[in-house]
Amino acid sequence: MQYSKDPIEEVVCEFWFRPVELLDMTIPGQFYEKIQHEYPKRRTVRAVEPVFSQLGSQLGSLERHGLEVVDYLEFGSNQDQSRVQWSPNRLAVLVSSPYPGWDNFFGRIQRAFDVYNQILPGAIVDHAVLRYRNAIEGV
């Protein structure tokens with residue numbers, strides 16, 4: 001099926017890392033220093049997220065036990081089409097319409113992920129999420 005308008009409004013790739021203590025408060029600045037040429041805009045984003053705990057050693061055995069308010073640092077491109085959200089346990093790369101295509105988006109994901117790993121070596125990915133948000137009109 002062909003759409004008269006590209007239905008992709010936003011694409012998000014999130015990496016959730018095993019919780020770590022943020023001992024060095026300069027780490028967010030180090031991250032920004034390495035990506036500021038591509039994402040010069042900075043702001044803080046407040047979100048409400050579910051809190052999970054591991055049930056035993058079985059993979060995927062998580063139990064939700066509440067909500068918490070979390071602050072992310074968000075770094076945006078000059079046109080705000082592309083953004084990176086950072087916290088000690090989460091990295092997200094977002095692009096808004098017009099979608100630049102998978103190769104472009106994947107390159108952005110790789111660059112942000114590489115910088116995260118340079119700043120926090122040994123970080124262990126707990127899970128990853130790839131989400132496309134579409135708006136299909138006239139169907």
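**Buried charges, a nonpolar core and an enclosed strand**

Arginine 90 and glutamate 14 are both buried, where buried stands for under 20% relative accessible area, exposed for over 50% and partly exposed for anything in between (1.4 Å probe, protein chains only). The model is a predicted one, with local features needing pLDDT of at least 70 and side-chain atom pairs counting only at pLDDT 80 or more, while totals for chains, interfaces and linings use all residues. Residues are numbered from 1 along each chain as its sequence is written, and side-chain values use heavy atoms, with hydrogens and water left out.

The side chains of arginine 90 and glutamate 14 form a salt bridge at 2.8 Å, N to O, the term being used for a side-chain nitrogen of Lys or Arg within 4 Å of a carboxyl oxygen of Asp or Glu. Arginine 90 sits in strand β5 and glutamate 14 in strand β1, so distant parts of the chain, 76 residues apart, are linked. Helices (H or I, at least four residues) and strands (E, at least two) are DSSP runs, numbered from the N terminus.

Overall, the structure has eleven salt bridges. One of them joins the side chains of glutamate 10 and arginine 133 at 3.7 Å, N to O. Here too the link is between distant parts of the chain, with glutamate 10 in strand β1 and arginine 133 in strand β6 (residues 125-134), 123 residues apart. Glutamate 10 is buried at a relative accessible area of 15%, while arginine 133 is partly exposed at 43% relative accessibility.

Now for the greasy side of things. In soluble globular proteins, nonpolar side chains tend to be buried together. The largest nonpolar core holds 24 residues, of which Phe31, Val84, Trp86, Leu91 and Phe105 touch the most other members; such a core is a set of buried Ala, Val, Leu, Ile, Met, Phe, Trp, Tyr and Cys residues joined through side-chain atoms within 4.5 Å. At least two core residues come from each of β1 (8-17), α1 (27-35), β4 (82-87), β5 (90-96) and α2 (102-119), and α2 gives the largest share, six residues. Leaving out residues up to four places away in sequence, phenylalanine 31 touches Phe75, Val84, Trp86, Leu91, Ala112, Val115, Tyr116 and Ile119, with contact taken as heavy atoms within 4.5 Å.

Strand β5 is well wrapped up: seven of its seven residues are buried, so the strand is largely enclosed by the rest of the structure. Both of its faces are covered, with Arg90, Ala92, Leu94 and Ser96 buried on one side and Leu91, Val93 and Val95 buried on the other. β5 pairs with β1 in the antiparallel sense over seven bridges, two strands being paired if DSSP finds at least two bridges between them. Within β5, valine 95 stands opposite valine 11. β4 also runs antiparallel to β5, joined by six bridges, and the two form a hairpin with two residues between them. Leucine 94 in β5 is the bridge partner of arginine 83.

Helix α2 contains arginine 108, which is buried with a relative accessible area of 15%. Apart from neighbours within four places in sequence, arginine 108 is in contact with Glu38, Tyr39, Ser82, Val93 and Val95. In helix α1, isoleucine 27 counts as buried at 9% relative accessibility. Isoleucine 27 and leucine 120 are 93 residues apart in sequence and 8.2 Å apart in space, C-alpha to C-alpha.
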